Amino acid sequence: MLQWYCIGILVLAVGSQALYDSSSDVVQLSPSNFERLVTNGDEVWIVEFYAPWCGHCKNLVPEYKKAARALKGVAKVGAVDADEYKEFAQKYGVSGFPTIKIFTGSKHTPYQGQRTAEAFVDSAIKAAKDKAYSNLGKKASGSSDKSDVITLTDENFKEMVLDSDDMWLVEFYAPWCGHCKNLEPHWAKAATELKGKVKLGALDATVHQVMASRYQVQGYPTIKLFTSGKKTSDSVEDYNGGRTSSDIVTWALEKLAENVPAPEIIQVTDEAAMRACSEKPLCVVSVLPHILDCGALCRNQYLTMLARLADKYKTKMWGWVWAEAGAQLSLEEALELGGFGYPAMAVVNAKKLKFSTLRGSFSETGINEFLRDLSFGRGQTAPVRGAEMPKIAKTEPWDGKDGELPPEEDIDLSDVDLEKDEL
C-alpha cells in the first residue's frame, strides 16, 4: 500500500511539472483523488482538463494561477492532465484542450467565460452564490436567467442542430479572439429576440475541432446558417450580415421568411389541436359563423383571408386555429368572443394566460392592423377567464360542404280533439 502511494505521488509530481508545480495554488487532480475532492466535496471547483504539450493550455497558466490564488478560501481551482488520463477525461466529454468545467459536487457545467483571472473569479463566485441560495431553496437574488445562446460541442452538434427541424445560426469562436468577445453581447441579445423562431448556438472551435474542421472554420468568429427542415451539406450557408444584434435579427428573419412555410389554419375539434396552438408564442383564434349562417363559399373566403395573413406573419411562428360559432363555447367564454357577433378573433398567450380581442372589423385590413399592433407590443390585454386554458369539446371536422337543415317532422293532428274555444 505504501509502495503504491509513493508511486502515485511520483506520477503526480512528474505530471505537474509540465504546467503546475507544487508551489501553485492550482490543485493537481487525477482519477485517484477527483471523486474525493471534487464530486463528493462541498466546495465549488473550477477544473481545467489540459495536455502538457497544448499551446493554449500553456498560455492559460499565468491567468489560471492568478485566479487560484485570488479564490483561495472561496472556491477551489484544479487541473487534470487529460493527456495522461485520457479515459477519465472522456468521461466528462473532453475532446480538446483546454476544456474547463465548473463543478458543484457531482454537477458540472462548461465554463463559458473569457480566459482571464477576473472572469474565472466572477464565475466561481457566481457558482458559489447560486449554490448557497440553492441550499436555502431559493434562486440567488440578482442572478439572471441563463443566456438563450445554446452551448454546442462535437458531442451534441448532430442531435441539437443537424437532426432538428429548426433553423440555426451557429457561431464558431475562440475564447481569446477579440472580435468574438465584442460579438458576445450582441449574439446573446439576438438569441433572446429570436427565441422561438431561430436558435442561436456557440461552439468553441479551439476545443471542439471536429465540427470546426467539418465546416472549414479558418477564422474567428465564423457564423454559419443551418436552414430549417432536413439538413444537408448543401443547405449550410455563410452568414454575411452585420455584427450588431439588430443586424443579426434582421438577417435571420429574412432567411426565416425564405425557408418557413405558412402555418396551417387548423380547425379546433379536440384538445390536441388547441394544445399545439397554445405551445406557440401566440395563438390566433378565430370563431367563424355557423355553416347555416355562412355557407361553404363564405367560410372558404374567410379561411383564405386568414391563410394570407398567416403567411404574412409566418416568421412570428404563431399558431392559427378556428372554430365554428357555438361549437367551442368554453373557448369563446374564456376569450370573451361572440359578444360582438361572428366572425370574431382573439390572440392568446397560453403561457401567460392573457389575451387580446379584435375590436375592429374582421377584414384583412382590420386584422392586419390588430396583429401589427400586437407584434409591436401594443394593444389591450385581459386575463383568460378561469385562469386556465378552457376545455375543448370533441367535434366533427367540417366536411367542406354547405350545411343542411335538419329534416322537418310532420305533425299528425288526426287524434287531436280541439274544442272551438281552444282555436
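How many salt bridges does the count come to? By the rule used here (a side-chain nitrogen of Lys or Arg within 4 Å of a carboxyl oxygen of Asp or Glu), the count comes to 15 salt bridges.

## Ground rules

This is a predicted model, so to speak: local features need pLDDT of at least 70, side-chain atom pairs count only at pLDDT 80 or more, and totals for chains, interfaces and linings use all residues. Residues are numbered from 1 along each chain as its sequence is written, and side-chain values use heavy atoms, with hydrogens and water left out.

Helices (H or I, at least four residues) and strands (E, at least two) are DSSP runs, numbered from the N terminus.

Side chains of opposite charge can pair when their charged atoms come close. Take Asp148, which forms a salt bridge with Lys195; their closest N and O atoms are 3.2 Å apart. Asp148 sits in the loop between helix 5 and strand 6 (150-152), and Lys195 in the loop between helix 7 and strand 8 (198-204), so this pair ties together parts that are 47 residues apart in sequence.

Strands of a sheet pair through backbone hydrogen bonds, either parallel or antiparallel. Here, five strands make an open sheet, ordered 1-3-2-4-5, with mixed pairing; two strands count as paired if DSSP finds at least two bridges between them. At the edges are strand 1 (27-29) and strand 5 (107-110), each pairing on one side only. On average, neighbouring strands of this sheet are turned by 30° against each other, direction ignored. For angles like this, axes are lines fitted to C-alpha atoms (for helices over the stretch in contact), and the angles run from 0 to 180 degrees between N-to-C directions.

Strand 4 (residues 99-104) and strand 5 run antiparallel and are joined by four bridges. Phe103 stands opposite His108, while Ile102 has Thr109 as its bridge partner in strand 5. The two strands form a hairpin with two residues between them, and Gly105 in the turn has a positive phi of about 65°.

## Helices over the sheet

Helix 3 (residues 55-70) lies across strand 2 (44-50), strand 3 (76-81) and strand 4, and runs at about 165° to strand 2. Helix 5 (residues 117-135) lies across strand 2 and strand 4, this time at about 135° to strand 2. Contact, here and below, means heavy atoms within 4.5 Å.

## Two helix pairs

Helix 7 (residues 178-193) packs against helix 9 (residues 245-259) at an angle of about 45°, with the axes 8 Å apart. That makes helix 7 and helix 9 oblique to each other; angles under 35 degrees count as roughly parallel, over 145 as roughly antiparallel, 65 to 115 as roughly perpendicular and the rest as oblique. Helix 7 brings Leu183, His186, Trp187, Lys189, Ala190 and Glu193 to the contact, and helix 9 brings Ser245, Ile248 and Val249. By class, that contact has five nonpolar, two polar and two charged residues. Ala, Val, Leu, Ile, Met, Phe, Trp, Tyr, Cys and Pro count as nonpolar, Asp, Glu, Lys and Arg as charged, and the others, Gly among them, as polar.

In the other pair, helix 11 (residues 296-312) and helix 13 (residues 364-375) cross at roughly 30°, and their axes come within 11 Å. Helix 11 and helix 13 are therefore roughly parallel to each other, and this crossing is right-handed. Met305, Leu306, Arg308, Leu309 and Lys312 of helix 11 meet Glu364, Ile367 and Asn368 of helix 13. The residues of this contact divide into four nonpolar, one polar and three charged.

The Tyr220 to Pro221 peptide bond is cis, with omega near -10°, and Pro221 lies in the loop between helix 8 (209-214) and strand 9 (222-226). Gln216 lies in the loop between helix 8 and strand 9 and has a positive phi of about 55°, although it is not a glycine. A cis peptide bond also joins Tyr342 and Pro343, where omega is about 5°; Pro343 sits in the loop between helix 12 (329-334) and strand 14 (344-349).

Strand 14 pairs with strand 15 (residues 354-357) in the antiparallel sense over four bridges, with Val347 partnered by Ser356. This hairpin has four residues between its strands, and Leu353 in the turn has a positive phi of about 55°. Strand 15 also pairs with strand 16 (residues 382-383), antiparallel and over two bridges, and Phe355 stands opposite Ala382.

Note on methods: Left-handed = near helix turned anticlockwise from the far one by under 90°.
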